[in-house]
Amino acid sequence: MWPKTRRADADDTVEINEFLHDEGARRLSVALRDRDWPTAREILTGADPEHFMYYMEFAASADGVEEWIPDVIRAEPNSTLPLLVRGARAVYWAWDARGSGTSDTVSQEQWKIWFQRLKLAENCLDEVIDRDPGCAEAWHYLVVLGRARQLPMEERWHRFNKLIEIDPTHLFGHEQMLNNLMPKWSGSTEAMFDFARTRAAACPGTNVPLIVAQAHLEHRWSEGGEAYLRRPEVSGEICAAAHTSVWHDDYRRSLLTPVLWNHFAYSLSVGRLFRPANALFDEIGDEWVRTAPWRSVERFTELRDWSREKDDDTGRDD
């Protein structure tokens, strides 16, 4: 069963937790902004695999890195790290050019820049794996590129399988492969759910079962929106995924655990499984609120307070 709920102060102050209370992430963000490669290199090279995965997202999304990282590559020709950073940044830089709209909103000039930057990313990451085949993050961003470049599904699977040979429970890589299998990226609903369920079953007591909830969150848009999450078979499967993950006997809390708390709390509260949702809201408290999936503090507090009001002996408001 889920842990006994612990009510937080009703007057607590809620803020988005941008860095998961991780000092390394905060310092890295500042170093990248200030073009302080020695500090960024120190943080990245000293990270364990989970922190490195998390930190690389800061490197990939940091505006302006593309302007100065080529100089670092020239200054450190024997290191693959700056090359990895350039490749990961080029992936996000390409999305910056394309925008987040549908394909019919993208101009010809945007498409041209998009493909140029994706090619740059692929070249950098290919060189990294040529020199260091065991670099999980290079394979992770190659999985992203498989989707962005609309590569054959066989190649997308090849990249993902290479990744999990190195790191079988790499959460971000699993999320990216799930995206690859979504209908909107030339996959299918069946393939998406089969992947999520198969990998969750293969990785109990880890962060990976989160992708079951994420598959349902994606599928809701073709099934009537949030009402889909209230179907007993849907909310029940999401709750079972939480038991396979954060509530599993073998699960050990880690850097990314609050990410799972937020997604499961959202899914279960909308799905009207209030008792387990509230156990997660109590873990989140006012210190571990993330932007995703709430999008705003107001939405988080609205669902949290509603879930607590609706909590009853059965844990579901029928």
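Biologist: How many helices and strands does the protein have?
Modeller: This is a predicted model. The protein has 15 helices and 0 strands.

Biologist: And how compact is it for 318 residues?
Modeller: As compact as a globular protein of that length, because the radius of gyration is 20 Å and the globule rule gives 20 Å. Along the principal axes, the C-alpha atoms fill a box of roughly 65 × 40 × 40 Å.

Biologist: What share of the residues is buried?
Modeller: 54% of the 318. The protein exposes about 14,600 Å². Carbon and sulfur atoms supply 47% of that area.

Biologist: Switching to helices. Is α9 enclosed or open?
Modeller: Largely enclosed by the rest of the structure, since 10 of the 10 residues in 171-180 are buried. Among them are F172, H174, E175 and M177.

Biologist: What covers the buried residues of α9?
Modeller: The cover includes α3 (49-61), α7 (136-148) and α8 (153-166). It also includes α10 (189-202), α11 (210-219) and α13 (257-270).

Biologist: Which residues of α6 are buried?
Modeller: W111, W114, R117, L118, A121, E122, C124, L125, V128 and I129. On spacing in general: an α-helix has 3.6 residues a turn, so residues three or four places apart point the same way.

Biologist: Last topic, contacts. What share join residues at least 24 apart?
Modeller: 68%, among contacts between residues at least 6 apart in sequence.

Biologist: And where do the charges sit on average?
Modeller: There are 38 positive and 54 negative charges, and their mean positions are 3 Å apart.

Conventions. Residues are numbered from 1 along each chain as its sequence is written. This is a predicted model: local features need pLDDT of at least 70, side-chain atom pairs count only at pLDDT 80 or more; totals for chains, interfaces and linings use all residues. Side-chain values use heavy atoms; hydrogens and water are left out. Buried means under 20% relative accessible area, exposed over 50%, partly exposed in between (1.4 Å probe, protein chains only). Helices (H or I, at least four residues) and strands (E, at least two) are DSSP runs, numbered from the N terminus. The radius of gyration is taken over C-alpha atoms; the globule rule is 2.2 Å times the number of residues to the power 0.38. Contact means heavy atoms within 4.5 Å. Accessible areas come from the Shrake-Rupley method with a 1.4 Å probe; for residues, only the protein chains shown count as cover. Lys and Arg count as positive and Asp and Glu as negative; His and the chain ends are not counted. The place of a charge is taken as NZ of Lys, CZ of Arg, CG of Asp or CD of Glu.
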